[in-house]
Amino acid sequence: MKLYDSIIQKTLETLPDDPARFPYDTSRIWKDRGESELIMLRDAAFELGGSSLPSVNYTCVTTSGLIEENETWVFGPDLPDLKSDSAFAKIVLLETEDLGETEDEEKAYDAIRNLEFVRYHVFPAGYMVRVSSESNREQVRVSKKVMQAGIRFAYVGNTYIRRYKAIPCVKKVRVIFITDEKLVEALLPNAGKVDAITKTLTHILDGLPTDCGHCSLKPVCDEVEGMRELHMGKKNKNQEEK
């Protein structure tokens, strides 16, 4: 799948060349509670993406070999270095096996659904995540207790990586955390494009009508390399089956 490659490239071009890099370490995975945790404001050390500060969250999938290692990148102050609310971005880049979107639509559809599921179902202890699918924001409330316990983005990143790697098609995972406000703002436009691609892909794989002349998602097919070919391939297959 190369539909998100241009967004991945744009993301990497926007980011500086000197991230703090942390290889995936199974001995330093932050505990996943398995369910959402309520952290009261009085018990919080600070919020990421709170107080009207910029925030963005998006996930990109590729099969182009762009992601070579399981690792976490951090730009800006890490959790132990933050003293107050901060701007925040969490970006996940996934290298997967060929999802078979041109031959086996059901396989591709299930894979996309599973990857989206993870986005909303990782619950690091003392790290209350609120994700808005409509605004592509992610807000995190970090408890004072886990700050004292030594939580770091690398440990939280390991939690996400483990969860994604549990999906059979996932080969490599890069989780990027950003608390630099200017970088977060620079990446905001990417989220809307990623969301549009995902919705269009789901639309196609869901077997909905493929009359391009009456489709509200036509601009995405026109702009994203490979989307039109996928769309027309699905249309032609449906006609053959009839």
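Modeller: A definition comes before the inventory: helices (H or I, at least four residues) and strands (E, at least two) are DSSP runs, numbered from the N terminus. Please also keep in mind that this is a predicted model.

Biologist: How many helices and strands are there in the protein chain?

Modeller: With elements taken as DSSP runs, the inventory can be stated directly. The protein chain holds seven helices and eight strands.

Biologist: What percentage of the residues of the protein chain count as buried?

Modeller: The cut-off for a buried residue is a relative accessible area under 20%. Applied to the 242 residues of the protein chain, this gives a buried share of 49%.

Biologist: And what share of the accessible surface belongs to carbon and sulfur atoms?

Modeller: The accessible surface of the protein chain comes to about 11900 Å². The part that belongs to carbon and sulfur atoms is 47%.

Biologist: Among contacts with a separation of 6 or more, what percentage comes from residues 24 or more positions apart?

Modeller: A contact requires heavy atoms within 4.5 Å. Of the contacts in the protein chain with a separation of 6 or more, the share from residues 24 or more positions apart is 85%.

Biologist: Which strands stand at the edges of the sheet of five strands?

Modeller: This open sheet has mixed pairing and the strand order 1-4-8-5-3. From one strand to the next, the twist averages 15 degrees.

Biologist: At about what angle does helix 4 run to strand 8?

Modeller: Two helices can be described against this sheet. Helix 1 (residues 5-14) packs on it, touching strand 3, strand 4 (71-75), strand 5 and strand 8, with its direction at about 130 degrees to that of strand 3. Helix 4 (residues 153-165) lies across strand 1, strand 3, strand 4, strand 5 and strand 8. Its angle to strand 8 is about 150 degrees.

Biologist: Within what arc do the buried residues of helix 1 fall?

Modeller: The buried residues in helix 1 are Asp5, Ile7, Ile8 and Thr11. Viewed down the helix axis, they line one face, because they fall within an arc of 160 degrees.

Biologist: How many residues apart are Trp30 and Tyr155, and why do both count as buried?

Modeller: Burial requires a relative accessible area under 20%; Trp30 has 14% and Tyr155 has 17%, so both qualify. Their rings form a stacked pair, 6.2 Å centre to centre with 5 degrees between the planes. Trp30 lies in the loop between strand 1 and strand 2 (44-48), and Tyr155 lies in helix 4; their separation is 125 residues.

Biologist: Which residues form one aromatic cluster?

Modeller: The structure holds five aromatic pairs, and one of them is the stacked pair of Phe88 and Phe153, 6.2 Å centre to centre with 15 degrees between the planes. Phe88 is in strand 5 and Phe153 in helix 4, so this pair ties together parts 65 residues apart in sequence. Phe88 is buried at 0% relative accessible area, and Phe153 is likewise buried at 0%. The cluster consists of Phe88, Phe153 and Phe177.

Biologist: In the sheet of three strands, which strands are the edge strands?

Modeller: This open sheet has the order 2-7-6 and antiparallel pairing. An edge strand pairs on one side only. The edge strands are strand 2 and strand 6 (127-132).

Biologist: Which residue in the turn between strand 6 and strand 7 has a positive phi?

Modeller: Strand 6 and strand 7 (residues 137-143) run antiparallel and are joined by six bridges. Met128 has Arg141 as its bridge partner, and Ser132 stands opposite Arg137. The two strands form a hairpin with four residues between them, and the turn residue with a positive phi, about 60 degrees, is Asn136.

Biologist: Is Asn136 buried or exposed?

Modeller: Asn136 lies in the loop between strand 6 and strand 7. Its relative accessibility is 9%, and the cut-off is 20%, so Asn136 counts as buried.

Technical notes
Residues are numbered from 1 along each chain as its sequence is written. This is a predicted model: local features need pLDDT of at least 70, side-chain atom pairs count only at pLDDT 80 or more; totals for chains, interfaces and linings use all residues. Side-chain values use heavy atoms; hydrogens and water are left out. Two strands pair if DSSP finds at least two bridges between them. Axes are lines fitted to C-alpha atoms, for helices over the stretch in contact, and angles run from 0 to 180 degrees between N-to-C directions. Rings of Phe, Tyr and Trp (its six-membered ring) pair if their centres lie within 6.5 Å; planes under 30 degrees apart count as stacked, over 60 as edge-to-face and the rest as tilted. Buried means under 20% relative accessible area, exposed over 50%, partly exposed in between (1.4 Å probe, protein chains only). Accessible areas come from the Shrake-Rupley method with a 1.4 Å probe; for residues, only the protein chains shown count as cover. The arc is that of the directions from the helix axis to the C-beta atoms.
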